[in-house]
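My notes follow in the order I looked.

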Amino acid sequence: MAAFTTRRSQLQWLALLAVAVVLPTVSLLWFMSRVIANERLVVRQKLTALYQDKLIDASAKTESLFAARLASLDKIKPAANPYALFRRLVLEENCQGVVVWDVDGSAVYPQLVDVAGSDTPTGSLLAEARQQEFARKQYAEAAQLYHQLSTDSDPRVAVTAIVGWSRCLSRLGRPEEAIDECQKAAFAVPPDREDAAWRLAVENARLLLLSLLKQAGPSPSHSEILHRTVNALGNDLYHPAGDRALLPADQNLFIAKKVLEALRNSNAAEDAKTRDKLEKLAAAEELSIAAAEKLRPLTGQFDGFFETDLDPKPVYGLRHRSPSSTLLVLLSGTGITPALSGYHDAFAGSESAYRILDAAGNFAAGTPQPEGKSFTTADLPAAFPGWKVELYFIGGDVFEKAANRQIAVYVWTGILVIVLILIAGGFATQAIGKQIRLNRMKNDFIATVSHELKTPLASMRLLVDTLLEGNVRDEAQAKEYLRLTVKENERLSRMIENFPTFSRMERNKMAFTIVDTKPAAIASDAIESVKTKFAAHNCHLAVDIADDLPEIQADHDAIVTVLVNLLDNACKYTTDDKRVSLRIFPDDGFVCFVVSDNGIGLARRHLRKIFDRFYQVDSSLARKAEGCGLGLSIVKFIVDAHKGKITVESKPGRGSAFTVRLPVGRKNGD
Ligand code: ADP
């Protein structure tokens with residue numbers, strides 16, 4: 001019944017422990033799953049808010065850039081020389097074209113009309129010369145007429161005549177003279193009031209010179225002239241000086257094409273620069289011409305980018321009214337990028353990519369094809385009507401990543417707490433287990449003790465009853481019974497004497513004071529204690545203690561108890577010629593205490609059991625001997641507590657040897 005109750009209480013304890021561990025763990029896991037779900041939501045909200053702030057910043061920056069651009073357009077005075085404005089916008093501000101109208105909407109730039117006065121008046125000598133040259137192919141006559149006109153007071157006529165003259169000289173097979181003459185026209189000194197017709201005639205002379213040089217073939221002097229001519233053409237194109245006459249746009253383009261052709265094969269760094277600039281300017285002029293022809297100056301979107309259909313690729317126009325003119329600035333895809341740099345600055349190096357789409361949904365800036373789905377979009381400022389910016393996360397969903405980072409922190413904390421709960425549970429299990437074992441031991445002990453007490457009490461009662469009833473033969477037998485009663489009584493007393501020690505020991509309360517101790521001193525105290533008994537039993541004790549024994553780590557009194565028990569047993573379990581020896585010697589970090597006797601010995605099957613509580617070998621001598629079966633279990637307990645070892649070697653009828661090995665002290669050991 002008692003065992004059953006104990007088992008039930010054990011189960012109750014374990015169930016309680018399981019609940020104490022499992023309940024908080026399950027609650028924690030549930031709580032963590034809720035937190036994780038919430039965390040995802042919170043992170044999404046936080047990040048979206050963060051990126052929306054960035055979008056607001058980028059939009060503000062774009063607006064201020066745009067305002068600065070408008071302010072700079074307001075400062076432009078195109079009337080002086082539109083090329084100055086054209087060059088600045090194209091070469092410095094990355095525009096791909098510009099159209100300037102005056103306040104009434106008349107085109108100021110690009111110049112689309114023909115140059116006034118460039119036609120040859122009919123009936124003039126120049127017309128006659130042209131007739132001879134082109135219609136009749138009379139080059140000699142034509143050359144003569146041109147020669148006459150080459151000193152004409154009208155600088156345009158003079159230059160045109162020189163050009164015709166050198167053309168005819170070339171036809172007449174006199175290329176060198178043709179080149180010489182043509183140079184005079186190509187590098188003619190500008191008249192006081194330069195007009196477009198004169199400028200056009202000079203540029204024509206230069207173009208003729210280029211073709212004459214090409215026909216004549218290469219020579220050092222020719223290449224020098226060629227270089228000069230190309231430079232002169234290139235420098236005059238889009239010249240920003242205020243006193244320059246403007247050429248029609250298509251003339252400019254024609255000249256630009258020729259210059260680019262001439263420079264195409266040059267490797268000189270300066271030529272490459274000129275080529276680069278001219279290419280940009282020519283392309284811009286071409287786009288500007290198309291815009292001037294197609295787009296109306298005074299109606300449509302103002303101060304905001306709109307998409308033109310000037311080119312298959314997107315070209316954005318920006319109309320702006322300044323106090324003196326109406327401007328149309330043209331920007332291609334690359335040209336618009338600086339205007340959107342606010343977005344680049346806000347999102348470069350972040351975990352997100354942006355993509356800006358114009359009103360028609362064309363890609364305008366950012367990452368052309370970002371991965372995944374955009375997580376937020378916004379409108380661009382008013383200057384970009386209908387434009388949108390989309391935000392994407394680079395390399396997967398950042399919401400998920402950020403949430404996962406936070407979740408990892410929670411999970412690890414949760415795991416840590418669970419581990420701590422489990423460790424605490426483990427400790428509690430151990431403590432409870434120990435308590436349960438102790439209880440069981442106590443119960444066993446009480447059961448064993450009551451059982452062991454019964455035997456001497458029963459035999460005493462039997463002896464005393466016999467005496468009382470007078471069932472004795474003589475006085476000698478009565479004395480014998482009384483002697484036996486005394487012996488049983490002594491056994492009972494010894495048992496009872498041992499109980500407290502044993503009980504204390506069982507409860508682990510026997511605290512040993514383990515210090516460095518001299519083995520010889522232990523031996524001498526033990527011998528002292530058994531001396532009288534040995535003498536009384538005529539037991540011979542041989543002692544052999546090695547010199548220079550190291551100190552051992554031991555509780556002096558406890559080891560004395562060990563030796564006294566072993567010596568006592570050795571004396572008890574020997575018959576007539578009692579010879580007991582005690583040897584003490586060092587052995588590899590230990591000190592060995594060997595107690596041997598020439599007594600009854602032990603059968604193999606008993607060797608292990610003799611260290612159990614109350615175990616006694618059932619032999620006639622063992623029965624006769626005083627003892628209660630607790631001695632060796634106490635010995636083993638003490639030796640174990642010293643981290644030592646006890647072994648026994650024995651042969652029935654030959655004797656036994658008990659060896660106790662104890663570790664040497666710190667001073668001597670390692
Ligand atoms: P006890 O009080 O009976 O001596 P111990 O625990 O000291 O109890 O010993 C247990 C049993 O081991 C003894 O009953 C005895 O049978 C056996 N024993 C102990 N020491 C010796 C020995 N030196 N020679 C033979 N048997 C021994």
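**Helix H6.** I started with Glu181 and Lys184, which both sit in helix H6 (residues 175-186), 3 residues apart, or about one turn of the helix. Their side chains meet in a salt bridge, with N to O at 3.0 Å. This is a predicted model, so I'm reading computed positions here. Is Glu181 buried or exposed? I looked it up: Glu181 has a relative accessible area of 12%, and it counts as buried because that is under the 20% cut-off.

**Between H3 and H5.** Arg167 and Glu133 form a salt bridge at 2.7 Å, N to O. Arg167 belongs to helix H5 (residues 155-171) and Glu133 to helix H3 (residues 125-135), and the two are 34 residues apart. Glu133 is buried, with a relative accessible area of 1%.

**Glu128 and Arg136.** Here the closest N and O atoms of the salt bridge are 3.9 Å apart. Glu128 comes out at 32% relative accessibility, so I put it down as partly exposed. Arg136 is partly exposed too, at 42%.

**A network.** Which residues are linked in a network of salt bridges? I noted Arg199, Glu203, Arg206 and Asp236. For the whole structure, I wrote down 20 salt bridges.

**Around the ligand.** Then I moved on to the ligand. I found 20 residues surrounding it, and the closest are Asn569, Tyr573, Gln616, Cys628 and Leu632. I sorted the shell by type and got 11 nonpolar, 7 polar and 2 charged residues.

Which elements each supply at least two residues of this shell? My list reads helix H16 (556-572), helix H18 (631-641) and strand S16 (655-663). H16 gives the largest share, 3 residues.

**Polar atoms at the ligand.** I looked at some individual distances last. Asn569 has a polar side-chain atom 2.8 Å from an oxygen atom of the ligand. For Lys572, a polar side-chain atom lies 3.0 Å from a ligand oxygen atom. On the nitrogen side, I found a ligand nitrogen atom 3.4 Å from an N or O atom in the side chain of Ser656. How much of the ligand's accessible area does the protein cover? On its own the ligand has 530 Å² of accessible area, and the protein covers 98% of that.

Key:
Residues numbered from 1 in each chain as written. Predicted model: local features only at pLDDT ≥ 70, side-chain atom pairs only at ≥ 80, totals over all residues. Heavy atoms only, no water. Near = heavy atom within 4 Å. Polar contact = N/O pair within 3.5 Å; in protein donor to acceptor, adjacent residues only side chain to side chain. Areas by Shrake-Rupley, 256 points an atom, 1.4 Å probe, with all protein chains shown as cover. Helix = DSSP H or I, 4+ residues; strand = E, 2+ residues; numbered from the N terminus. Nonpolar A, V, L, I, M, F, W, Y, C, P; charged D, E, K, R; others polar. Salt bridge = Lys/Arg side-chain N within 4 Å of Asp/Glu carboxyl O. Buried < 20%, exposed > 50% of the residue type's maximum accessible area, 1.4 Å probe, protein only.
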